[in-house]
Amino acid sequence: MLHRLKYDWSLWARPEQRPPEGDWDFWLYLAGRGTGKTRSAAEEAKLRAAVPETRIAVVGPTHGVVRDVCIEGRSGILSVTPPDMIEKYNRSLGQVWLKNGSVYFGYSSTEPDRLRGPEHHFAWFEEFAAHRYPQEVFDMAVMGLRLGDHPQGVITTTPRPIPTLKAIMADPSTVITRGRTLDNAKNLPLSTMRYLLRRFAGSTLGRQELDGEMLEDIEGALWRRRWIDRDRVNRFAGIDEYGMPTLFQLPQMLTICIGVDPAVTSGEDADETGIVVVGLDYEGVVWVLDDLSMRGTSAQWAQEVARAYKRYGADVVVAERNNGGDMVEETLRRAYRWIPVKPVWASEGKKTRAQPVASMYEKAGTVRHVGSFPELEDQMCSWDPRDAGKANKASPDRMDALVWAVHYITESVYGGGLVIPDPDARIPKH
Ligand SMILES: Nc1ncnc2c1ncn2[C@@H]1O[C@H](COP(=O)(O)OP(=O)(O)OP(=O)(O)O)[C@@H](O)[C@H]1O
Ligand SMILES: [Mg+2]
């Protein structure tokens, strides 16, 4: 009996956690962190999977999220499905097979081309606004959503004003429910609540991350979303005449630099270490190639930096040397002696440093992002210089790492400090 109650979502769900009645194509659950988004989508997918032979696409930002959150997580498919219904779980493929013949197929938004071909009855897009290539992945998935009388999908996400999401919201066949972190407080561990409130309460970003509001331009911020959107390139440039995805070719880079803004402490409450990869091409265009920022020990982020250095064929690591003293240089030099590290000092205020980089973005065609970097872009478009140094404000580490890298490569080239290498230099692997 108890066993059955646990799996009966109709007993537990709040009204906004179930799709509205009616004839919709997509149900969008737009809500703050910890609201119960993942659980709601997993439960809805479970209802669909109860019909034998149903094929369900589960599309997450990365393979790791699909496996660790959508399938194995505490709100994921394996935890909402009674074990006696499961036939097998193929972990490496990210596929769950049920005894009734229904199957969940996991996909990562980093590989939209994998979605080309397979057909589904239902699709779940998890944390959609965190996808690196949201438009491509949505287009591909919708093309394959063609089984049954009325294929449908659920999109769960914290809101971000990205064009693809705004278009989905404006579509009359989309239904939207909304929610706030506090709505689900009684089901969240105290530590999670404490962390979220400490990080976001009272800040502008908190309206997005906790209250699930869609924030447009924020007064006082140095960057505008539309500047980044205007010059963004997507890895998947389009569909060719045979229906195959075509890839965007990055130009050759004159130089590639990794900006690092290290967290001084580590542990659960520590700041993130900003790690951003930036290239400069032969036309003088700056390319933001990757955001690998992370929370972790100095050994962990040093390893991440070293990996990025190799993978992108970078020339130099520019690292802020502030409270941590020589920590960055030392950490990197000790473990990875071959990496050239250029320490930089925060002698001016953050705003003085960031403003010229923001002005570059304002000028069309000067700085281009390869895909979306949601958290980096959130920091750029919400950080208000008037908050600098205030206690209780999360520090914009990703933005700092970006600013250091852009300064370094543009100054070293235009300031004459850089010897221009052979033009048959490498094209970054991406
Ligand atoms: N109506 C509910 N009744 C009981 N527990 C719930 C309910 N809704 C959500 N939960 C539980 O709350 C916790 C958080 O839910 P979930 O992981 O789905 O949130 P989320 O919005 O996806 O969070 P995040 O922003 O971290 O991705 C989970 O343990 C989930 O099972
Ligand atoms: Mg979730």
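Predicted model: local features only at pLDDT ≥ 70, side-chain atom pairs only at ≥ 80, totals over all residues.
Modeller: Helices and strands here are DSSP runs numbered from the N terminus, a helix being H or I over at least four residues and a strand being E over at least two.

Colleague: What is stated about phi of Glu127?

Modeller: Phi of Glu127 is near 45°, which is a positive value in a residue other than glycine. Glu53 also has a positive phi, near 65°, and Glu53 is not a glycine either.

Colleague: Where is Glu53 found, and why does Glu53 count as exposed?

Modeller: Glu53 is found in the loop between helix 3 and strand 2 (55-60). Exposed means over 50% relative accessible area, and Glu53, at 55% relative accessibility, therefore counts as exposed.

Colleague: Why does His369 count as buried?

Modeller: The limit for buried is under 20% relative accessible area, and His369 is at 1%, so His369 counts as buried. This residue lies in strand 16 (residues 367-369), and beyond its neighbours within four places in sequence, His369 is in contact with residues including Ile228, Val288, Tyr361 and Met380.

Colleague: What makes the link between the side chains of His369 and Glu377 a polar contact?

Modeller: A polar contact needs a pair of N or O atoms within 3.5 Å, one able to donate a hydrogen and the other to accept it, and the side chains of His369 and Glu377 are joined by such a contact at 2.9 Å.

Colleague: Which of the 18 residues around ligand 1 come nearest, and which helix supplies the largest share of the shell?

Modeller: Gly34, Lys37, Thr38, Arg39 and Ser75 come nearest, while helix 3 supplies the largest share of the shell, three residues. By class, the shell has four nonpolar, eight polar and six charged residues.

Colleague: What polar side-chain atoms lie by an oxygen atom of ligand 1?

Modeller: A polar side-chain atom of Lys37 lies 2.8 Å from an oxygen atom of ligand 1, one of Ser75 lies 2.7 Å from an oxygen atom of the ligand, and one of Asn184 lies 3.0 Å from an oxygen atom of the ligand. Of the 640 Å² of accessible area that ligand 1 has on its own, the protein covers 82%.

How values were computed:
Residues numbered from 1 in each chain as written. Chains lettered and ligands numbered in written order. Heavy atoms only, no water. Near = heavy atom within 4 Å. Areas by Shrake-Rupley, 256 points an atom, 1.4 Å probe, with all protein chains shown as cover. Nonpolar A, V, L, I, M, F, W, Y, C, P; charged D, E, K, R; others polar. Buried < 20%, exposed > 50% of the residue type's maximum accessible area, 1.4 Å probe, protein only. Contact = heavy atoms within 4.5 Å.
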